[in-house]
Each structure stands twice: as structure tokens, then as C-alpha cells.
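Let us read a structure together, one feature at a time.

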Amino acid sequence: MIHPVIMAGGTGSRLWPLSRQLNPKQFLKLTDSPLSMLQSTVARLEGMDTDNPLLICNEEHRFLAAEQMRQSNHEDVQIILEPCGRNTAPAIALAALQLCESAGEDNPLMLVLAADHLIQDVTAFQQGVTKALPLAQQGKLVTFGIVPHQPETGYGYIHQGTGLATDCYSVDEFVEKPDLETAKSYLASGEYLWNSGMFLFGARDYLTELGTHRPDILSACRAAINDASEDLHFIRVNSELFAACPSESVDYAVMEKTDKAAVVALDAGWSDIGSWSALWDVSEKDEDGNSLAGDVIVHETANTLVRADSRLVATVGVDNLVIIETKDALLVAHKDKVQDVKTIVEQIRNDGRHEHMNHREVYRPWGVYDSIDNGTRYQVKRITVKPGAKLSVQMHHHRAEHWIVVSGTARVTNGEKTYLVTENQSTFIPVGQVHSLENPGVIDLELIEVQSGSYLGEDDIVRYEDRYGRK
């Protein structure tokens with residue numbers, strides 16, 4: 001049996017304003033598929049002899065990951081939480097150590113996948129995994145190299161070595177991102193593959209090689225996961241011990257040093273969707289080369305990506321642009337300059353703004369809220385609470401709250417009193433009052449919350465009880 005390990009970390013800043021720090025690209029629906037990138041990664045495993053996936057994600061993304069796995073009928077999936085980012089070598093080490101402990105096998109086979117990759121030909125992907133399987137069973141550390149169709153300067157390359165089987169080779173060397181002329185020579189030679197960052201190998205084999213070449217990383221990861229705690233489906237490694245681990249990619253730490261590396265050539269419509277232009281490349285287009293999503297009207301427009309999330313976007317006489325509209329931000333960029341979007345994100349962060357962190361709509365384990373208006377000393381939110389869900393028992397030092405139920409039924413705890421509030425009814429929570437909100441019904445609870453007070457930040461919450469393990 002193959003044990004899928006899905007790495008769902010990262011922030012995807014080049015896809016701002018759609019991708020945000022607290023809602024990055026792996027949790028977004030970027031293509032015509034109704035699934036998010038993470039859900040699509042899991043879905044392409046269907047039909048293979050695989051166990052439940054093991055996820056690795058950042059602590060602050062845990063509820064997004066768990067909810068999307070629940071929607072994909074993988075409610076029992078385990079999720080390792082990284083308290084801080086330490087790149088791929090430590091992340092894979094945590095997964096390998098966990099599998100050696102829990103899988104009931106001495107050397108469980110790990111299929112390591114990134115949650116934010118697009119693969120259009122699922123059959124070719126599964127065939128590639130099948131080709132890699134005998135090599136991994138022989139102790140090889142197998143990576144998947146993408147057959148290039150154009151010179152690409154944004155990817156690292158793998159130089160194929162000796163043929164081992166059909167589409168399978170030893171690795172001659174890993175090569176850094178080349179300049180354009182070098183990339184053209186790689187393409188012409190037919191001996192180079194793009195480095196995809198996907199792997200198949202035995203967990204014990206990986207740990208052995210990591211211990212040989214980077215024993216400091218292995219030691220730190222072993223200490224961190226040996227002192228892990230579990231709640232719900234989350235595995236929380238020791239944050240201080242993991243923070244002491246060096247940050248290193250699996251390529252630098254292991255793959256470029258080991259003599260057991262092998263590569264399988266994969267031609268499956270792969271893209272890491274690392275920029276808006278990359279998304280345009282793989283999207284369906286009209287006869288003028290435009291990729292349009294949402295409420296969009298175009299006139300004399302060509303080779304342009306337009307995405308409208310909340311309002312009408314119209315274009316006249318433009319070419320080769322990216323236009324991305326969300327409820328709180330608008331990006332207009334030349335398609336040849338989209339790699340520089342991360343510079344805008346950095347400026348937003350440095351200016352003390354919040355648009356890099358989250359959307360106006362914010363997902364929580366109990367539902368979602370949308371900050372629809374705000375001003376001096378007040379804020380208005382539309383709140384949706386899922387059936388059976390409950391917000392934490394909490395108190396605010398600086399704000400009062402007025403709740404108006406739009407649909408559904410709310411069970412409100414307000415100090416010593418607990419009561420129901422139904423459609424078109426309201427209630428008031430004074431400053432300093434311990435309170436909670438719950439949906440006891442079978443349909444969504446929707447309400448309008450009006451906050452008023454001297455400070456309205458999300459950190460003005462004192463939690464006394466929380467079923468989701470939040471402090």
C-alpha cells in the first residue's frame with residue numbers, strides 16, 4: 001500500500017490578491033474544477049491502492065485543511081501541524097517518522113505530493129506512480145521529472161542518467177533554474193526534466209539518507225515529533241524543538257547528495273501554478289485568448305486573464321494583462337511582470353496593512369464571517385454558523401455586540417442566561433459579558449453582528465471554552 005503525504009504549507013504570495021497568508025492557494029478553487037487545489041490532489045489518487053492521506057500544514061491553516069478533507073470524505077485524515085515553516089526536508093521527515101510509528105510497516109512507501117500542483121492527465125500521473133513503484137521497493141528515492149515542452153527559466157531541472165526501465169532513469173545531477181539560452185539547450189538535448197518536487201520512497205529509506213547527510217535535521221525532527229500531542233485529527237509537534245530545526249529543502253538536504261536517487265519522466269499536464277500567467281497558460285480561453293471568470297464583459301481585449309469575485313469587471317482595448325478583483329483588493333498587472341506581485345505583497349505587509357493576511361470573508365471551524373462595513377468605533381459582520389457548530393465561550397474587554405438573526409435559530413448564552421433567538425429577533429451582548437453563540441438547528445444560522453467600542457481587533461477575545469482547541 002502507498003501512503004500519500006500531502007504537503008499543504010506555503011502562502012502563494014504570487015497569486016495575491018486571491019491567495020492570502022491565512023487562505024493560500026492550496027485551499028482555493030483556481031481552475032474550472034469545483035475542487036480546491038488540495039482536494040484535487042487527493043482526488044487524483046482515486047483508484048490507486050493508497051491509504052488515507054497524511055497532511056502536513058501550518059498551524060494557522062489547520063481548520064481549512066480539516067474542513068476540506070471532510071468535504072472530500074476523508075474525515076479520519078491525520079494532519080501534522082508545523083508551528084513554523086522549515087521547508088520540505090523537515091516536513092517530509094516528520095511524515096516519515098509518523099508513518100514508521102503508525103503504519104504498522106517497517107518501511108512504508110510514501111508518495112509525497114504538493115497540495116498546490118495542477119495535473120491535467122490523471123491517468124498519466126497514476127501510470128507514472130506505477131512505474132516508480134518497483135524502484136522505490138528496491139530502495140531508490142524516486143522523484144518525478146516533468147517532460148518539458150518549452151524552455152522554462154522558473155523551474156529547476158534534473159539531468160537524466162542511465163536508463164533503468166521505461167521512462168525511469170538514474171539521476172545524473174540536479175540543476176538550478178537556468179537562464180533562457182541554457183533552458184533552450186536543455187530542451188533541445190532531450191535529456192533534462194523539470195523538477196516537480198514529487199517523490200516516492202520508503203519512509204525508512206528517506207530517514208536513513210537524511211541521517212547520513214543531515215543528521216541535525218533528523219535529530220531535531222525526531223525530538224519534535226516524539227514530544228507531539230494529539231487533539232481531534234491534529235498532531236502538534238513540540239514548537240520549540242521544531243523551531244530549532246534547520247530550514248532546508250529535500251533537494252539540498254538529501255536528493256542532491258544521495259546515490260540512490262532515481263527519476264521517472266512524467267508527461268501529465270503538470271503545472272505548479274506559480275503565477276497568474278501560469279494559470280492563464282492552463283486555463284480555457286476564448287477565441288481572443290482571454291481566460292474569464294466571474295461577472296466579466298470584454299471589448300477589444302486579447303490574451304488577458306480576468307477574474308471577478310464580487311462585482312462586474314469590464315475591459316476595453318487591453319492586451320496581455322492580468323486583472324484580479326476581490327471584495328477588498330484589485331490587481332492589474334502586465335502578464336510578463338506577474339512574478340513581481342510578491343513585491344506588492346511585501347509592501348502591503350511593510351505598510352502595516354492587512355490585505356495580505358486574509359480576505360474580507362474569513363473561514364472559521366464553525367463557519368464564516370464577512371466584514372461588510374466598518375468605521376470609527378463600529379464594525380458590521382455577516383456571520384454564518386454551520387448546523388451543530390458553536391463559537392467559543394468568550395468575553396471582550398473593549399467591545400459590545402448586537403446580533404440580529406436573518407435566518408435559522410441561535411442559541412445564545414449571555415452571562416447566566418441561555419435562550420433562543422429566531423429570525424427577525426435580536427439580542428445585545430454588553431462589554432465584558434461572558435457569552436457564546438451556537439446553531440442548534442439543521443440549517444445554516446445567518447446573522448448580522450454590529451460591534452461597537454474603543455477597540456475592535458480580533459485579538460480582543462478571552463476564550464474560556466472552545467471545542468476546536470483554540471487558545
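Q: Which residue in strand 29 is the bridge partner of Glu401?
A: The bridge partner is Gln451. Before going on, note that this is a predicted model, where local features need pLDDT of at least 70, side-chain atom pairs count only at pLDDT 80 or more, and totals for chains, interfaces and linings use all residues. Residues are numbered from 1 along each chain as its sequence is written, and side-chain values use heavy atoms, with hydrogens and water left out.

Q: How do strand 24 and strand 29 pair?
A: Strands of a sheet pair through backbone hydrogen bonds, either parallel or antiparallel. Two strands count as paired if DSSP finds at least two bridges between them. Strands themselves are DSSP runs (E, at least two residues), and helices are runs of H or I with at least four residues, both numbered from the N terminus. Here strand 24 (residues 399-407) and strand 29 (residues 445-453) pair in the antiparallel sense over 8 bridges. Arg399 stands opposite Gly453 in strand 29.

Q: What is the bridge partner of Glu401 in strand 27?
A: Ile429 is that partner. Strand 24 and strand 27 (residues 426-429) pair in the antiparallel sense over 4 bridges.

Q: What is the order of the strands in the open sheet of 6?
A: The order is 20-21-22-29-24-27, with antiparallel pairing. Strand 20 (361-364) and strand 27 are the edge strands, and each pairs on one side only. Neighbouring strands of this sheet are turned by 20 degrees against each other on average, direction ignored.

Q: At what angle do helix 3 and helix 6 pack?
A: Two packed helices are described by the angle between their axes and the distance between the axes. Axes are lines fitted to C-alpha atoms, for helices over the stretch in contact, and angles run from 0 to 180 degrees between N-to-C directions. Helix 3 (residues 88-102) and helix 6 (residues 203-213) pack at about 130 degrees, with their axes 9 Å apart. That makes helix 3 oblique to helix 6. Angles under 35 degrees count as roughly parallel, over 145 as roughly antiparallel, 65 to 115 as roughly perpendicular and the rest as oblique.

Q: Which residues of helix 3 and helix 6 meet?
A: Contact means heavy atoms within 4.5 Å. Ala89, Ile92, Ala93, Ala96, Leu97 and Cys100 in helix 3 meet Ala203, Arg204, Tyr206, Leu207 and Leu210 in helix 6. These residues divide into 10 nonpolar, no polar and 1 charged. Ala, Val, Leu, Ile, Met, Phe, Trp, Tyr, Cys and Pro count as nonpolar, Asp, Glu, Lys and Arg as charged, and the others, Gly among them, as polar.

Q: How do the axes of helix 6 and helix 7 cross?
A: The axes of helix 6 and helix 7 (residues 215-226) come within 5 Å and cross at roughly 125 degrees. That makes helix 6 oblique to helix 7. Leu207, Leu210, Gly211, Thr212 and His213 of helix 6 make the contact with Pro215, Ile217 and Leu218 of helix 7. By class, the contact has 5 nonpolar, 3 polar and no charged residues.

Q: How many aromatic pairs does a search of the whole structure find?
A: The search finds 9. Rings of Phe, Tyr and Trp (its six-membered ring) pair if their centres lie within 6.5 Å; planes under 30 degrees apart count as stacked, over 60 as edge-to-face and the rest as tilted. The rings of Trp194 and Trp270 have centres 6.5 Å apart and planes at 50 degrees, so this pair is tilted. Trp194 in strand 9 (residues 192-202) and Trp270 in strand 13 (residues 270-271) are 76 residues apart, so the pair links distant parts of the chain.

Q: Where is Pro17 found?
A: Pro17 is in the loop between strand 1 (2-7) and helix 1 (37-43). A cis peptide bond joins Trp16 and Pro17, with omega about 10 degrees.
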